[in-house]
Each structure stands twice: as C-alpha cells, then as structure tokens.
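Biologist: Thanks for sitting down with me. Please show me the model, and then I'll start asking.

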Amino acid sequence: MSTVRASVDLTRDNPVGRVPEPVGHHVATLTGDADGWTLRRPARLRRRGRWEALDDTLDLLDDVHDVDVRTSGAPQDVLSRWALRAAARGSLVTGDVPGSVVPVGPAPTSRPGDLDHDVRSVRQRRAALATGLGPAPTVSAVLVTRRPALVPRILAMLDAQRYPSLEVVLVVHGDEPVEVPAGLAVPVQLLHAPGDRSLGHALELGCAAASGTLLTKVDDDDFYGPDHVLDLVLAHRVSGALMVGKSTTVVHVEQLDATVRRVFGVPEGFTHRVAGGTMLLSADDLRAVGGWSDVPRAVDTKLLESVARAGGRVYRPHDVGYLYVRHRPAPGLEHTWSTDPRHFLRNTREQWLGLLAHEEFGTA
C-alpha cells in the first residue's frame, strides 16, 4: 500500500513541553469504524466523534505516552495524517495505520524511560518532525582536538551523519600532525591553533572559519549516532531556543567498565545546562553573546553563562543519539569537568556491562 504524502507544521505540531515524564505508562486507545472514532485515555472520560473531527483529539494526547490504534474502515488519509501529527507532538503511535509516513508497529513490551521504548518513540518522532523541516540549514560541526589518535573515529561518526548539509571544521590544538582520512563524504576543513593558546581560542578560531548557518561543538572522545545532528537541528527549529543540546544521561564510565542511563529532568523541555559536546546555536547568536571565552577550562559553562546573560533560553530534546564517555584518568585524557565517577551512578535506571553497543549511539 502506498504511503500518504504529508508533512507537519512545526509551529503547532512539536514535542516542546508535551512529552510526559517517564513515570508509569499511560496508554490511550483509538478505536473506530467507518462511522467514527472513540478515544479512551487513562482516568479520563472517553471521547467520540466523526473522522473529520479526529484532529481535535491531538491536544488530549499530551498526558499519555503511547496511543494504540485499533480501527477498521477509517479514512486512510485522515488516520495517517493524525498519526503523523501525534508522533511529531511526542506520542508513540502503535497499532495499524495504513500508509503511515512514520514507522508504526505493535504495542511495545517496554515502558517509558526504558531505552527500547524511548528509541522507538524517538525514531517515530524524528521521522514526523523531519517532514516539516523544509530546506535543511547548513551546519558546521566544530571539533577541537589535541589527540590525533582519536580523529579517525570521530570523523567516521560525523561522516555517517544522515544530515544532508554538514561540514566539519577540525582544529588541531597544538603541533601534533593530523591527517584527514581519505574517502570521507563530509567536507573537512583542517585548521591549527597554537598549543599555548586556550581551548576557548581554538574553538573561536574554528567557529570563525565555519560556513554553516548553525554551529555545533563536537568532542573527540564521545559517541554520536547517525541522526544526532538532525536531532539538534529539529530541536533548534521547534523550540525557538538560542541554544540546544543533549544531556549526559547515557554515560560510559571506563573505571567501572559500564554504561549507565540516568534519569533526570524532563525531555523536550527548557533547561539551564546541556552537554558541551552537543551544543548547537546559530553563528549569528554565537557572535551576539560574545563567542567562546578565551579560557583553558570550563568553556561550555562560560558560554552558557553568556547565553543566560543575553536572556537566551536553552533547550534539550531526548537523550537518544549521544553517549558521553567518562575516561579513566590518564595523560592526555584529562576532563575539563572534574567529578567522581560515582556521580554517574546517581538516578541510574538502566546499565550495561562495557560500552553499550547500539546503532542509535554510533557504537553498534
């Protein structure tokens, strides 16, 4: 059966403030036949209507995690458009939706807050939101490194990004020789920053040379899934925030030989802090807040402070697609964020032995 061509209006169909916390598992059901539909929600009165009024139910889904579709005889175009809009707003749509633009399947066996459930929801949401993006804004991924050995791996992850308008600005911080691997599809601009200058200076150098409308900072030792850049661009578009970024909730703690997924904050909402290796903002906004501070450490904190002083908001989407690596202390692998590794065991919901292998995090 052919897919119904449709797109969403991101100004009205977006997940900002609409994704419930991962507490419990609230599931709505949509049933119906050729004459009309019935929507049932937990602890709410059921609603009924004719198919032409189905879109009126979308606001009723903001307090549910999933909505299961069990209809027969529903107009395909109406149902598929509704599923597309519901997914864009943050609901996981399951059941039978013929011709759906987004991937729809059976009800999940996992719960909200479990990685399997959240990955499925994010994939559906991402596909729905992407239909409303329009021409993709150009993005420059700015990567500053003192560790040439890590360059091939991080460039391979950036080359694997499915975002269509991406360039990489690689700033070698110091005198170490770095060679860009041959055969990359993503364009790479190679620069050098004096080793005796600060990390902030190197970042400012890279951003000044970038051609993208949007700039995102990338760290050489973390992992990024193939849709990471798309996630950030979509978050920037729907939130209207000055800066967007993901959180350090999925962490590989080398000293413990484990990957943990922590639960804190609310996804798809405004916050005061995001992971430095995921920050994205426009080139114009970066200049407007004064750029990167010329400091050797805490460059991310300084930029967040500049954003706050300018009255800008910071937004974080979901946490799928970015894996923060907490290394063992070693020469050349010092962290600018100093904390005990046990810090990452707080509020842990899931954990895996070793490095989590998952396509969505670029570690499969």
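Biologist: Is the crossing in which H1 passes H2 left-handed or right-handed?

Modeller: This is a predicted model, where local features need pLDDT of at least 70 and side-chain atom pairs pLDDT 80 or more, while totals for chains, interfaces and linings use all residues. Residues are numbered from 1 along each chain as its sequence is written, and side-chain values use heavy atoms, leaving out hydrogens and water. Helices (H or I, at least four residues) and strands (E, at least two) are DSSP runs numbered from the N terminus. A crossing is left-handed if the near helix is turned anticlockwise from the far one by less than a right angle, and right-handed if clockwise; H1 passes H2 in a crossing that is left-handed.

Biologist: At what angle do H1 and H2 pack?

Modeller: Axes are lines fitted to C-alpha atoms, for helices over the stretch in contact, and angles run from 0 to 180 degrees between N-to-C directions. The axes of H1 and H2 are 7 Å apart. H1 is roughly perpendicular to H2 (65 to 115 degrees), because their packing angle is about 110°.

Biologist: Which residues in H2 do Leu 84, Ala 87 and Ala 88 in H1 meet?

Modeller: Contact means heavy atoms within 4.5 Å. On the H2 side, the partners of these three are Gln 124, Arg 125, Ala 128 and Leu 129.

Biologist: Which residue in S3 is the bridge partner of Thr 38?

Modeller: Thr 38 lies in strand S2, whose residues 36-40 are joined to S3 by three bridges, the two strands running antiparallel. Among the residues that Thr 38 touches are Thr 29, Leu 30 and Arg 47. Its bridge partner in S3 is Arg 48.

Biologist: Is Gly 269 buried or exposed?

Modeller: Gly 269 lies in strand S14 (residues 269-271). Leaving aside neighbours within four places in sequence, Gly 269 is in contact with Val 314, Tyr 315 and Arg 316. Buried means under 20% relative accessible area and exposed over 50%, with a 1.4 Å probe and protein chains only. Gly 269 has 13% relative accessibility, so it counts as buried.

Definitions and conventions: Pairing = 2+ DSSP bridges. Parallel < 35°, antiparallel > 145°, perpendicular 65-115°, else oblique.
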